[in-house]
Amino acid sequence: ATKVPLRTVHSMVNLLHRRLLTTDSVSVVKSSLFCGLPVYYRPCFLTKALAALLEASSSHIAVAWQTRLPELVAGILKGDLPNDEKTDQPEKKTDQPSDSTDSL
């Protein structure tokens, strides 16, 4: 966290806010919102990154309180803003060898 500038918190929160309000990939591309991320990235990706940063640094927490982050988190928890937590599952790998002896 010491290598992450404090101003990054504002940028990440603004990116999260804009992503929560954008519903489709066409809008994301038109707004240049993806910033080098995959065209369709889930808000959960940003919230996890912010959570990890804020857990590691009280200075970053202080900055986060001065942003829209508390309002955004409250909106997600109340259901006013989209919550993609249920779809945030690791991808299943299909190229893994089977543990079953039936495939021999």
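Predicted model: local features only at pLDDT ≥ 70, side-chain atom pairs only at ≥ 80, totals over all residues.
1. A crossing of two helices is called left-handed if the near helix is turned anticlockwise from the far one by less than a right angle.

2. Overall composition. The protein contains five helices and zero strands, and its elements follow the order α-α-α-α-α along the sequence. Of its 104 residues, 29% count as buried. Among contacts between residues at least 6 apart in sequence, 64% join residues at least 24 apart.

3. Helix H3. This helix covers residues 43-56, 14 residues in total. From its first C-alpha to its last it reaches 20 Å, close to the 20 Å expected at 1.5 Å a residue. Its buried residues are Pro-43, Cys-44, Leu-46, Leu-50, Leu-53 and Leu-54. These buried residues pack against three helices, namely H1 (7-21), H4 (58-64) and H5 (69-78).

4. The pair H1 and H3. Two packed helices are described by the angle between their axes and the distance between the axes. For H1 and H3, the axes come within 9 Å and cross at roughly 155 degrees. Angles over 145 degrees count as roughly antiparallel, and H1 and H3 are therefore roughly antiparallel to each other. Their crossing is left-handed. On the H1 side the contact is made by Val-9, Met-12, Val-13, Leu-15, Leu-16, Arg-19 and Leu-20; on the H3 side, Pro-43, Leu-46, Thr-47, Ala-49, Leu-50 and Leu-53 take part. By class, the residues of this contact divide into 11 nonpolar, one polar and one charged.

5. Arg-19. This residue lies in helix H1 and is one of the H1 residues that make the contact with H3. Is Arg-19 buried or exposed? Its relative accessible area is 4%, and the cut-off for burial is under 20%, so Arg-19 is buried. Arg-19 and Pro-82 are 63 residues apart in sequence, while their C-alpha atoms are 9.8 Å apart in space.

6. The pair H1 and H5. These helices pack at an angle of about 35 degrees, with their axes 10 Å apart. The crossing of H1 and H5 is left-handed. Val-13, Leu-16, His-17 and Leu-20 of H1 make the contact with Leu-69, Leu-72 and Ile-76 of H5. The contact of H1 with H5 has six nonpolar residues, one polar and no charged residues.

Definitions and conventions. Residues numbered from 1 in each chain as written. Heavy atoms only, no water. Helix = DSSP H or I, 4+ residues; strand = E, 2+ residues; numbered from the N terminus. Expected span 1.5 Å × (residues − 1). Buried < 20%, exposed > 50% of the residue type's maximum accessible area, 1.4 Å probe, protein only. Contact = heavy atoms within 4.5 Å. Axes fitted to C-alpha atoms, helices over the stretch in contact; angles between N-to-C directions. Parallel < 35°, antiparallel > 145°, perpendicular 65-115°, else oblique. Nonpolar A, V, L, I, M, F, W, Y, C, P; charged D, E, K, R; others polar.
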